[in-house]
Amino acid sequence: MVLLKNVKNFTKHYDIIVIGAGAGLGKLGRPATEYGYSVALCENDKLGGTCLNRGCIPSKMLIHPADVVQTIESAHRFEVDVKKKETSGDLDYDIRFSELVARVSKTIDDESDSILPNVEKNQKLDWFVGQTARFIGERTLQVGSPDDNVVITADRVFVAAGARAVDLSDQIEGLASTPYMTYREALRNQQRFKRLICIGAGYIATELCHFFSSTGTHTTLFVRSKFLKYEDEEVQKEFERVFVKRKNIEVKQGMKPIRVRYENNEFILTYLNPHLDTAQEQEIRADALLVAAGVKPNTDILQCEKAGIKLTKDGFVEVDKYLRSVSAPNVWALGDIAGNYLFRHNANFESEYLMETVISKMSEPYPIDHTGMPHAVFANPQIAGVGLTEQECREKGLNFVSVKNNYSASAMGMALLSDEGFVKLIVERGTRRILGCHIIGHEASTLVHQVGVLFRIEGGAKLDDLLNCIYIHPALNEIVRNAARKAKQALLNAGDTIPPSLYFK
Ligand SMILES: Cc1cc2nc3c(=O)[nH]c(=O)nc-3n(C[C@H](O)[C@H](O)[C@H](O)COP(=O)(O)OP(=O)(O)OC[C@H]3O[C@@H](n4cnc5c(N)ncnc54)[C@H](O)[C@@H]3O)c2cc1C
Ligand SMILES: NC(=O)c1ccc[n+]([C@@H]2O[C@H](COP(=O)([O-])OP(=O)(O)OC[C@H]3O[C@@H](n4cnc5c(N)ncnc54)[C@H](O)[C@@H]3O)[C@@H](O)[C@H]2O)c1
């Protein structure tokens, strides 16, 4: 490996250039050298990308302690009493907040720093670290500032440059001149805030507000329309019902932040309240402000237009079913910047597909098939899903039954004293094809795989497979089985015939 840091006056042609050291690194750039290719890998930030340094991993390392807090807070329901503080009446436990965040930051920094030494012996890999790559022509990139005169070209370019937080400065006056946080800063902040304002109600807002509120910060979420708008509507409603009751959570729904200033270590946010007769301006104060209003692809920084790489209207690289740029030959895009699904497991899946079909050529190219892409929101309650939502099934005019089985209607649910959460199954009439599965509640992200795996097998997901499985009693998975039984009954009620082999399952 050659580490090219602060290099000047350098030109070289490679077999492959990979831009982005997230999924592009371990899943594509490094394995490609094992096939004899010369590879240049460009990364302008820490190695490991968003997931390791400022995404999935640090957020989940912080969310687990938040879940521990929720367990302590609910211990009394299980006849386990935690002492109360005499003064405030709050439960008597302490969270060593700065130590917790410091531990998480150190773990991920150590992990990221361990990447380079691990590939030092790889002579096929040139690594352009700490400098931004920009297209200046077809499969031609300039690395660093133009004065450095570093230009690299390749036969094939894989764009895996990810996405970054959207900036709301053009919508909220004064925002740019305040020390507001995005997920980047929020995940590394070691000071416990008294009050936090969060703008947004999607993945990042719900996950990080679960963390902040559970660890003692009064958290106000500005929810533009509804929580987690991509979810099945019944899941959204259940999430809202449960989440707003959590300690330290306050929700301002439909209210529009318009202006913010930062004075004496305090954010003063002005917003419009449409619920009042005359839309009035109101103010809220907090010592921290988190903007979690979505992400945008890094294609602008890359100057994709100079390489003839066509973008979608939202700025993602427009790719075909083979993840090829629709306009630039021998350019592929994967992960967040291709915009199919903005999850690390999707970025991994897409890079494995490109390894198989383009780099190793072990298979003839075939269209990528994202069927059965699951998702999970690691808030509290947890959410997970696979397939279509009920509203999507209606839009497509499908003929289906939809059933819900509550956690409480299962043996393990009884042990957990569940008073929230369900498994929802949507099954097509006639074919018994499972169209969607949506879970809200304990371990939803684990349970959903039971159905997700069926979407990936030949012939697709059938209700029959869920019914035919033998379930460990009283594992949580029985909640999924009970939903399957309800779906079978709903099909019978609707007039469908069921094979005798499933009748008594
Ligand atoms: C707070 C948070 C929590 C998340 N939690 C989850 C989760 O639990 N599960 C899940 O599946 N997903 C989660 N995600 C999403 C997940 O992190 C992304 O989908 C995934 O990391 C995308 O991988 P990627 O390889 O496409 O891009 P990235 O990991 O973003 O890698 C792209 C890399 O390219 C670099 N780069 C960009 N432009 C240039 C340039 N011009 N020159 C050189 N380098 C450049 C960037 O610095 C970056 O390191 C989370 C995201 C966030 C922000
Ligand atoms: N568990 C996971 O897999 C996970 C966790 C975190 C992030 N992610 C990924 O990261 C991406 C980014 O997450 P995110 O939460 O930022 O995006 P998101 O798309 O999930 O949510 C954005 C939220 O911001 C709101 N919003 C947008 N503009 C606004 C405005 N002007 N004013 C007020 N609210 C506004 C939207 O209504 C929505 O609630 C997601 O698409 C997701 O794929 C995944």
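How many aromatic pairs does the count come to? The count comes to 15 aromatic pairs, where rings of Phe, Tyr and Trp (its six-membered ring) pair if their centres lie within 6.5 Å, and where planes under 30 degrees apart count as stacked, over 60 as edge-to-face and the rest as tilted. One of these pairs is stacked, that of F158 and W332, with 5.0 Å from centre to centre and 15° between the planes. Because F158 lies in strand β7 (residues 150-159) and W332 in strand β17 (residues 331-333), the pair ties together parts that are 174 residues apart in sequence; strands here are DSSP runs (E, at least two residues), numbered from the N terminus. F158 counts as buried at 0% relative accessibility, and W332 counts as buried at 8%, since buried means under 20% relative accessible area, exposed over 50% and partly exposed in between (1.4 Å probe, protein chains only).

This is a predicted model, in which local features need pLDDT of at least 70 and side-chain atom pairs count only at pLDDT 80 or more, while totals for chains, interfaces and linings use all residues. Residues are numbered from 1 along each chain as its sequence is written, chains are lettered from A and ligands numbered from 1 in the order in which they are written, and side-chain values use heavy atoms, with hydrogens and water left out.

F222 is buried, with a relative accessible area of 3%, and Y271 is buried as well, with 4%. Elsewhere, ring pairs link F97, F193, F211 and F212 into a cluster.

Terms used
Helices (H or I, at least four residues) and strands (E, at least two) are DSSP runs, numbered from the N terminus.
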